[in-house]
Amino acid sequence: MQEIKRIYGGYFNSANKIANKKMSSPRISDCFEIEFFDSDYFYTVIDGVKYPLKENSIIIAKPNQERYSKLHFCCKYFHVELEKGELKDFFDNAKAFFSLSDPKDYEEIFNQIALLSVAFEKNYYKIKSLLYSLVDKLSKEVFHGENSKKSQSVKNAIINASKYIEENFSEDITLKDIANHVYLHPNYFLKIFKKYYGVSPNEYLNEIRIERAKYMLMATEKSVSEIALNCGFGSQTYFSSVFKKQTGSTPSQFIKYYKKNF
């Protein structure tokens with residue numbers, strides 16, 4: 001049985017596909033969607049979590065995940081449907097955002113996959129080899145250049161911490177709660193978390209909460225106060241304050257704009 005069921009790739013410019021819009025419509029991915037960015041843009045949201053579209057980065061969305069993006073952006077990409085095997089295991093468990101240490105090699109992999117996928121059956125084994133090369137390179141990206149047991153332990157702690165935040169954002173969790181979950185002192189945890197993600201754990205938590213709140217404002221009929229509580233905010237006032245700080249508008253202004261324009 002072939003590990004790769006189908007694959008296609010190329011270059012995507014949202015301005016050519018979605019004119020006169022500031023946000024793409026939410027959709028469900030039907031396969032793995034891997035995107036390479038060589039310039040800074042805005043962000044994409046995958047299952048309620050916001051990820052930056054940064055220069056020299058890769059975004060990975062998985063099958064059945066909901067996603068939408070702030071427009072506009074350009075990227076090289078490929079979409080691939082995988083059967084059970086090592087490739088599928090990797091992409092199933094991969095994080096959604098990678099900052100790349102050697103972007104030229106990645107760009108060439110994306111270029112080759114796009115060219116070869118036009119004749120998928122003929123080039124099957126070449127494409128498979130390229131995918132394994134990509135997997136190998138991505139596996140080495142986290143804490144690039146640090147190979148000690150300590151750095152591996154730190155990497156695992158940060159990944160586990162981010163998963164804990166993503167799974168418990170609706171609860172009243174604190175920096176101490178997250179640090180305790182990964183058995184690190186809060187001060188040290190704060191330092192290494194900011195090194196890895198570029199933001200504090202609390203900022204990361206609030207970004208997740210606000211993106212989930214935006215989705216609920218667009219997709220449900222719940223009140224602002226209900227959404228605030230469902231997203232882990234202790235009060236509607238605090239929720240509105242954080243929402244306006246991150247988006248530039250209040251929750252009520254946001255939903256009015258969305259209903260008017262989308």
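Where does asparagine 64 lie? In this predicted model, asparagine 64 is found in the loop between S6 and S7, and the residue is exposed, with a relative accessible area of 64%. Although asparagine 64 is not a glycine, its phi is positive, at about 75°.

**Overall form**

The secondary structure of the protein comes to 11 helices and 9 strands. With a radius of gyration of 20 Å, close to the 18 Å that the globule rule gives for 262 residues, the protein is as compact as a globular protein of that length. The C-alpha trace spans about 60 × 50 × 35 Å along the principal axes of the protein, and buried residues account for 45% of the 262 residues. Of the contacts between residues at least 6 apart in sequence, 71% join residues at least 24 apart.

The protein exposes about 14200 Å², of which carbon and sulfur atoms supply 48%.

**Backbone features in the loops**

Most residues other than glycine have a negative phi, and most peptide bonds are trans. Histidine 72, which lies in the loop between strand S7 (66-69) and strand S8 (74-82), is joined to leucine 71 by a cis peptide bond with an omega of about 10°.

The relative accessible areas given for individual residues are set out below.

| Residue | Relative accessible area | Class |
|---|---|---|
| Asparagine 64 | 64% | exposed |
| Leucine 229 | 54% | exposed |

**Aromatic pairs**

The count for the protein comes to 18 aromatic pairs. One of these is formed by phenylalanine 90 and phenylalanine 91, whose rings are edge-to-face, with 5.2 Å from centre to centre and 80° between the planes; phenylalanine 90 and phenylalanine 91 are both buried. Another pair, that of phenylalanine 233 and phenylalanine 239, is tilted, with 5.1 Å from centre to centre and 50° between the planes, and here too both phenylalanine 233 and phenylalanine 239 are buried. Beyond these pairs, Phe189, Phe193, Tyr196, Tyr197 and Tyr204 form one aromatic cluster.

Is leucine 229 buried or exposed? Leucine 229, which lies in helix H9 (residues 224-230), is exposed, because its relative accessible area is 54% and the class of exposed residues begins over 50%. Leaving aside its neighbours within four places in sequence, leucine 229 is in contact with Ser170 and Gly234. Leucine 229 and phenylalanine 239 are 10 residues apart in sequence, and their C-alpha atoms are 8.7 Å apart in space. Phenylalanine 239, for its part, is buried and belongs to the tilted pair with phenylalanine 233.

Terms used: Residues numbered from 1 in each chain as written. Predicted model: local features only at pLDDT ≥ 70, side-chain atom pairs only at ≥ 80, totals over all residues. Heavy atoms only, no water. Helix = DSSP H or I, 4+ residues; strand = E, 2+ residues; numbered from the N terminus. Rg over C-alpha atoms; globule rule 2.2 N^0.38 Å. Buried < 20%, exposed > 50% of the residue type's maximum accessible area, 1.4 Å probe, protein only. Contact = heavy atoms within 4.5 Å. Areas by Shrake-Rupley, 256 points an atom, 1.4 Å probe, with all protein chains shown as cover. Phe/Tyr/Trp six-rings, centres within 6.5 Å; stacked < 30°, edge-to-face > 60°.
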